[in-house]
Amino acid sequence: MVKNYTDLAELMIGRNASIRTALSVIDRHRLTTAFVVDGDGGLAGAVGENDIRRALLRGHDLDSTVARLIRRPTVTVGPDDGRAEVLDLMRALRVSEIPIVDAKGMLAGLHIEEEIVGMPELENWAVIMAGGRGERLAPLTKDVPKPMLPVAGRPILERLVLHLVGAGIRNIFISVNYLADIIEKHFGDGSKFGCRIEYLREDTDRPLGSGGSLGLLPDSGYRSAAPLLVMNGDLITAFSVREMLETHSEYNAVATIAVSTYEHQVPFGVMEARDDALVRMVEKPTHSWPVNAGIYVIEPDLLSRIPPGQLFPITDLFTECLQRKERVMLWQLRDWKDIGRPAELAEARGQM
C-alpha cells in the first residue's frame, strides 16, 4: 500500500528533541531514521534507530536530547534526482530513507521505499506512449514490448513512471497495444509505484500512432484542466518535469516540444566562397540542429483536434498549431537517450 503523509514536518525533529521524541517519530511512521533540522528548515543531520540503541546502552535516558547523537546522513539527493536512481541507491547502500535537499540546504522532502514525502503533487496528468512493436529491436521485442526492455535491472517504462512520480505527477495514463497484457500486469493500478495508472487501449489491428491514442482520453471520459505531459515510452531521461511545465506556462504556449541537440561533423575541409573566390577554409566543421526528443506538453483543448479512430502522428498536431499561428515552444533537454536501435540500447545498458 502507498503511504500518505500530510506534512513533512511530522517526520522532522529539532536539535534539542528528546530521544523519546525521535523514537516516537521512527515508530509512528515506520522509519529507521529521524532527520534533524535547524530552525530555518536546513538539514542538520540524522538520528537512527541504531544510534539511539547504542546511546541507551551507554546510560542515556529517554528524556536526553538527541544533540550528541546527530550524524551526517548516509546520502542526500536533490529535488530533480530520479526516483528510479534513488531506489537503486537505497538498494546499493542498504538504507530505507534518503532525504531530498535543495540548493540552499533545506530539507525539501524524503524518499522512503514506499513513497516520497513532502514533494508537492502536480495537477498535471502524464500520458506515456507504450504501444509500439519495436520492430527495429527484434528479436528482443518478440516476447517483450520495447518499453519493458530492462536497462540497469529495471524496465525502461518503470524508470519513466518512477521519474514522473518523483516529480510530483500522480495521474499517469499508459497507451498500450502490442503485448499490452505484460505492461498492465507489471504496473497494475500504479499503487505500488506511488501513483494512479489508467490504460488507453488501442485496437490491436488499428494502431493510432503517437497522436491518435491521445484521442482515447476524451473518448474515455477523462477531462484535464491542466496541461498534459506526453512522452514516448522508450526514452532514457532524467529531465526536469517541473521546469518544462513551468516554461510552457510562462510563454503561454499551446504546445512545448522537448528537443535534444544532434551534431554532425563534416569529414572534409570546407571551402567558403563568394563569386567563385575563396573567402575562408574551415577544417571539418560541425553543425548542430535541435531534434525532437519525444516529450511534449500540450494544452488539453488540443485533444479535440485529434481525428477519432485514425492513425495520427502527434507532429501533425503541432503542424496544425503553426498553421493557426499559435505559439509552439522548444525546450532544451540536457539528459536524453533514445533506444530505438540495438546499438542505442546496448549503449544505454553500458555494453558499448
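**Note on the predicted model: salt bridges, sheets and surface**

1. R196 is partly exposed, because its relative accessible area of 44% falls between the two limits used here (buried means under 20% relative accessible area, exposed over 50%, partly exposed in between, with a 1.4 Å probe and protein chains only). This is a predicted model, in which local features need pLDDT of at least 70 and side-chain atom pairs count only at pLDDT 80 or more, while totals for chains, interfaces and linings use all residues. Residues are numbered from 1 along each chain as its sequence is written, and side-chain values use heavy atoms, with hydrogens and water left out.

2. The side chain of R196 forms a salt bridge with E121, the closest N and O atoms being 3.3 Å apart; the term stands for a side-chain nitrogen of Lys or Arg within 4 Å of a carboxyl oxygen of Asp or Glu. The pair links distant parts of the chain, since R196 belongs to strand β11 (residues 196-201) and E121 to the loop between β6 and β7 (122-129), 75 residues apart. Helices (H or I, at least four residues) and strands (E, at least two) are DSSP runs, numbered from the N terminus.

3. The structure holds 15 salt bridges in total. One of them joins R91 to D88, with 3.8 Å between the closest N and O atoms, and both residues sit in helix α3 (residues 83-93), three residues apart, or about one turn of the helix. R91 counts as exposed, because its relative accessibility is 58%. Another salt bridge brings together the side chains of R324 and E320 at 2.9 Å, N to O, and here R324 is partly exposed, at 47% relative accessibility.

4. The contact between R91 and D88 should be read together with a network of salt bridges that links E85, D88, R91, R154, E158 and R159. R159 lies in helix α4 (residues 156-167) and counts as buried, because its relative accessibility is 11%. The C-alpha atoms of R159 and P147 are separated by 9.8 Å, the two residues being 12 apart along the chain.

5. Strand β7 is largely enclosed by the rest of the structure, because seven of its eight residues are buried. It has parallel partners in strand β10 (residues 169-176), over six bridges, and in strand β12 (residues 228-232), over four bridges; two strands are said to pair if DSSP finds at least two bridges between them.

6. Strand β12 is itself mostly covered, four of its five residues being buried. Besides its pairing with β7, strand β12 is joined by four bridges to strand β17 (residues 286-298), and these two run antiparallel, with L229 opposite V297 in β17.

7. A separate element is an open sheet of three strands in the order β4-β5-β6, with antiparallel pairing. Its edge strands are β4 (97-101) and β6 (116-117), each of which pairs on one side only. Two bridges join strand β5 (residues 107-112) to β6, and H111 stands opposite I116 in β6.

8. In the UniProt record, an unreviewed entry, the feature "domain: CBS" is placed at residues 1-62 and 70-127; such positions are given in the numbering used here, feature names are shortened, and annotations may be inferred rather than shown by experiment. For residues 70-127 the span is 19% helix and 33% strand, and its end C-alpha atoms lie 43 Å apart.

9. At the surface, M271, L278 and M281 form a nonpolar patch with about 350 Å² of accessible area together, and M271 is found in strand β15 (residues 269-274). Patches are made of residues with over 30% relative accessible area and no salt bridge, like charges being joined within 9 Å and nonpolar side chains (Val, Leu, Ile, Met, Phe, Trp, Tyr) within 5 Å. The areas come from the Shrake-Rupley method with a 1.4 Å probe, and for residues only the protein chains shown count as cover.

10. Where do the cysteines C195 and C321 stand in terms of burial? C195 counts as buried, because its relative accessible area is 6%, and C321 is buried at 0% relative accessibility. A search of the whole structure finds zero disulfides, a disulfide being a pair of cysteine sulfur atoms within 2.5 Å.
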